[in-house]
Amino acid sequence: TAPVVIAVDGPAAAGKGTLARRLAAELGLPYLDTGLLYRAVARRVLLSGGLPTNPQAAEAAAAALTPEDLQRPDLRGPDMDQGASQVAAQPPVRALLLDFQRNFAARNGAVMDGRDIGTVVCPDARVKLFVTASAAARAERRWLERQAKGEPIPLEEVAAEMAVRDARDAARDVAPMRPAEDALVLDTTGLDADAAYEAALQLIRARL
Ligand code: C5P
């Protein structure tokens with residue numbers, strides 16, 4: 001039988017990462033944060049002095065990606081947020097990252113979080129979750145994270161940055177962010193991490 005793949009897609013700060021990591025541990029499956037791939041491409045472009053919107057620079061960076069690139073501590077910063085979404089809008093970049101993601105899933109199954117796992121990377125995933133929350137709830141979560149890291153920034157600014165990124169991710173021509181037709185939508189507005197996890201686990205168990 002095919003290995004179990006669980007797709008966890010959705011917009012920024014919906015709680016996908018925390019949720020997917022916990023589900024993977026519970027289900028004994030490998031976990032892949034696919035956003036890190038796009039972040040690592042953006043980091044390479046920026047280090048080489050290029051712009052993430054430059055197609056040549058973005059494609060060259062994606063072609064040069066190494067496993068070590070995914071271990072860098074500086075991938076999660078806000079400057080990488082927009083850069084990742086800018087390289088991710090470019091078809092050659094997405095094409096270069098596709099095999100790695102599919103091979104990862106095929107090896108031993110996986111819980112993978114991203115934007116296009118259920119629609120493009122693993123359309124045959126056993127369970128597809130689309131995890132979302134209101135824009136206000138997501139902005140507040142990201143703002144609290146940044147406060148905790150000692151980055152004072154107005155809530156409105158976090159909300160505006162997030163809106164730009166989500167709009168770009170949803171509007172791009174190739175693999176736009178959207179729920180697969182057979183995705184189960186989990187709205188985590190008003191749910192804490194534990195409640196979201198319990199709800200997700202119930203949805204998944206019913207399908208396994
Ligand atoms: O999930 P994360 O916020 O780390 O993703 C960073 C960016 O990478 C997203 O805004 C999106 O543009 C891109 N991405 C993508 N497809 C994925 C995962 C991430 O386009 N499967």
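Visitor: In what kind of crossing does α2 pass α3, left-handed or right-handed?
Guide: α2 passes α3 in a right-handed crossing. Right-handed means that the near helix is turned clockwise from the far one by less than a right angle, left-handed anticlockwise. Helices are DSSP runs (H or I, at least four residues), numbered from the N terminus, and strands are runs of E of at least two.

Visitor: Which residues make the contact?
Guide: Val41, Arg44 and Val45 from α2, with Ala57, Ala58, Ala61 and Ala62 from α3. Contact needs C-beta atoms, placed from the backbone, within 7 Å.

Visitor: How does that contact split by class?
Guide: 6 nonpolar, no polar and 1 charged. Ala, Val, Leu, Ile, Met, Phe, Trp, Tyr, Cys and Pro count as nonpolar, Asp, Glu, Lys and Arg as charged, and the others, Gly among them, as polar.

Visitor: Before I go on, what are the ground rules?
Guide: This is a predicted model; local features need pLDDT of at least 70, side-chain atom pairs count only at pLDDT 80 or more, and totals for chains, interfaces and linings use all residues. Residues are numbered from 1 along each chain as its sequence is written.

Visitor: Switching to the ligand. How many residues surround it?
Guide: 14, and the closest are Gly35, Tyr38, Ser85, Ala88 and Gly114. The cut-off is a C-beta atom, placed from the backbone, within 6 Å.

Visitor: Which elements give two or more residues to that shell?
Guide: α2, α4 (78-88) and α8 (155-171).

Visitor: And the classes there?
Guide: The shell has 5 nonpolar, 4 polar and 5 charged residues.

How values were computed. Contact = placed C-beta atoms within 7 Å.
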